[in-house]
Amino acid sequence: MRFNPKARLDTRRTRDVGRSSGGGRSRGGFPGSGGRGGSSLPVPGGVVGGGGVVAAVIVVGIFVVTQLMGGGSGLDLGSGGSLDASRFEDSERYAACETGEDANESVDCARVAVENSLYDYWGDTLADDFRPADSLVTFSGQVGTGCGAASSAVGPFYCPADDTIYLDSGFFDEVLERQLGGPDGGFVEAYVLAHEYGHHVQNVLGTMGRVRTQQGASSDAVRLELQADCYAGMWTRGATATEDSSGTALFSELTDEDVRLALEAAASVGDDRIQQQTRGQVDEESWTHGSAAQRQRWFQVGLDGGDLTDCDTFAAGSL
C-alpha cells in the first residue's frame, strides 16, 4: 500500500483524544459487563486474558445491536444526532499529516489517508444518499460515545448514534496480532477501517433496522457484519481511483499482498477462529459475526466487482 506523495490530506474528520479515565454516561451498558438494564449482552468470541480484553473488530456488532435494542447514552450529541466535537480535547496527533508522503512515512497519517479515501469512495458510490461519517476518533483508555462509555477492551467499533468510528490503535499489535494470531501489515488497519465505514454506510441506508435476530450462523447480526466485509471489499477494489479534494489520486499502489493481508485479517476475526482459540470449541448458535470462511468470502464478493446489490447478505439464501 503506497499513497501518492502529491495528494493532500484532510484531517478535519480525524481526531485523537489521547488517554482518558472515563467519559460519558451510558444507559446502554458496556459490552460484556452486564449490558442494558442488568441483562447480559452476548460477547462474540468470549474474553481474551484475565484483563477482560475482548476479541475485537468483531465486537462492533455489540454496539450496533445495543443501539438497535434501544440503548441510549445520556450524552449531548448536539443537533441532528451528530457528535458534539467540543467535548473532545484533540491531542493534535494528526496535525502534521499534510500529504501522501506523510502517509507513506507515518501510520497515523496513513490512517488519515484511508479515511479520506473512504470518504471519497462512498461519496461517489452513494451520491445524493451519502452522509459522511462524522469522525474517526482514536483514543486510549476510555472514551465517551453516543453509544455510551467504551474502553480500549472493545477494540475498533462504529457507533451509529454519533456516526463515529472509534479506534484504540494499539489493538492491532496487542490483540489482533499477539492474541488472535492475525497478520501484521499496513493494509490490515485499512481493512478494519473499511469494515467500520461499511457499518456507517448501513446506518445511512437504513440497513441496521433490518436486524432482528442477534445470534446464530444465519442471524441478522451475522448478515450485518458480512455485508460490512463486502463493503470493505468494494472500497478495496476502488481505492486507487479515490481522490483528494483537488482531484489528485490518493493511492499510488495497492498490491496482491495488501489483499492477502486483508483476507487473512478477515479470517482471524471469524467467530469460529476466535471461539476455538478462546474456548477450545466452536458454537455456531452464539455466532454474531460469521465464520472465517464467510468473512473472507464476502470481502471477496465486494473485491471481485460486487456492488451494493451483490452485497445484500440479507437476501442471500446461503452465507
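1. Helices (H or I, at least four residues) and strands (E, at least two) are DSSP runs, numbered from the N terminus.

2. Before going further, a word on the model: it is predicted, so to speak of local features takes pLDDT of at least 70 and side-chain atom pairs count only at pLDDT 80 or more, while totals for chains, interfaces and linings use all residues. Residues are numbered from 1 along each chain as its sequence is written, and side-chain values use heavy atoms, leaving out hydrogens and water.

3. How far can you trust it? The chain has a mean pLDDT of 79, and 73% of its residues reach 70 or more (pLDDT is the predictor's confidence in each residue, from 0 to 100). Please read residues 21–86 with care: pLDDT stays under 50 there, although the model has 159 contacts beyond four places in sequence for this stretch. A contact means heavy atoms within 4.5 Å.

4. Back to the charges. The structure holds 12 salt bridges. One of them joins the side chains of Asp-108 and Arg-93, at 3.0 Å from N to O. Asp-108 sits in helix α3 and Arg-93 in the loop between α1 (60–68) and α2 (100–105), so this bridge ties together parts that are 15 residues apart in sequence. Asp-108 counts as buried at 18% relative accessibility, whereas Arg-93, at 29%, counts as partly exposed.

5. Do look at Asp-229 too, in helix α6 (residues 220–238). Its relative accessible area is 0%, and beyond four places in sequence Asp-229 touches Tyr-191, His-195, Arg-295, Trp-298 and Phe-299. With Arg-295 the side chain of Asp-229 forms a salt bridge of 2.7 Å, N to O. That pair links helix α6 to helix α9, across 66 residues, and both partners are buried. Elsewhere, salt bridges that share partners join Asp-16, Arg-93, Asp-108, Arg-111 and Glu-189 into one network.

6. Now the nonpolar cores (sets of buried Ala, Val, Leu, Ile, Met, Phe, Trp, Tyr and Cys residues joined through side-chain atoms within 4.5 Å). The largest has 59 residues, and Leu-9, Leu-118, Trp-122, Tyr-191, Tyr-197 and Trp-235 touch the most other members. At least two residues each come from α3 (107–126), β8 (164–167), α5 (186–205), α6, α7 (256–268) and α9 (292–303). Helix α5 gives the most, with 10 residues. Apart from this core lies another, of 11 residues, among them Val-17, Phe-139, Ala-150 and Cys-159.

7. The disulfides deserve a paragraph of their own. A disulfide is a covalent bond between the sulfur atoms of two cysteines; here the rule is a pair of cysteine sulfur atoms within 2.5 Å. The count comes to three, and with the bonded cysteines numbered in sequence order the pairing is 1-2, 3-4, 5-6.

8. Taking them in turn, Cys-97 joins Cys-109 at 2.1 Å, S to S. The torsion about this S-S bond is about -80°, so the disulfide is left-handed. Cys-147 joins Cys-159 at 2.2 Å, and with 100° about the S-S bond that link is right-handed. Cys-230 joins Cys-311 at 2.0 Å. Cys-230 lies in helix α6 and Cys-311 in the segment after α9, so this pair ties together parts 81 residues apart in sequence. Both Cys-230 and Cys-311 have a relative accessibility of 0%.

9. Finally, helix α8 (residues 271–279) has Asp-271, Ile-274 and Gln-275 buried. Viewed down the axis of α8, the buried residues fall within an arc of 100°, so they line one face of the helix (the arc is that of the directions from the helix axis to the C-beta atoms). Their cover includes α7. Gly-280 follows α8, with a positive phi near 80°.

Notes:
Buried means under 20% relative accessible area, exposed over 50%, partly exposed in between (1.4 Å probe, protein chains only). A salt bridge is a side-chain nitrogen of Lys or Arg within 4 Å of a carboxyl oxygen of Asp or Glu.
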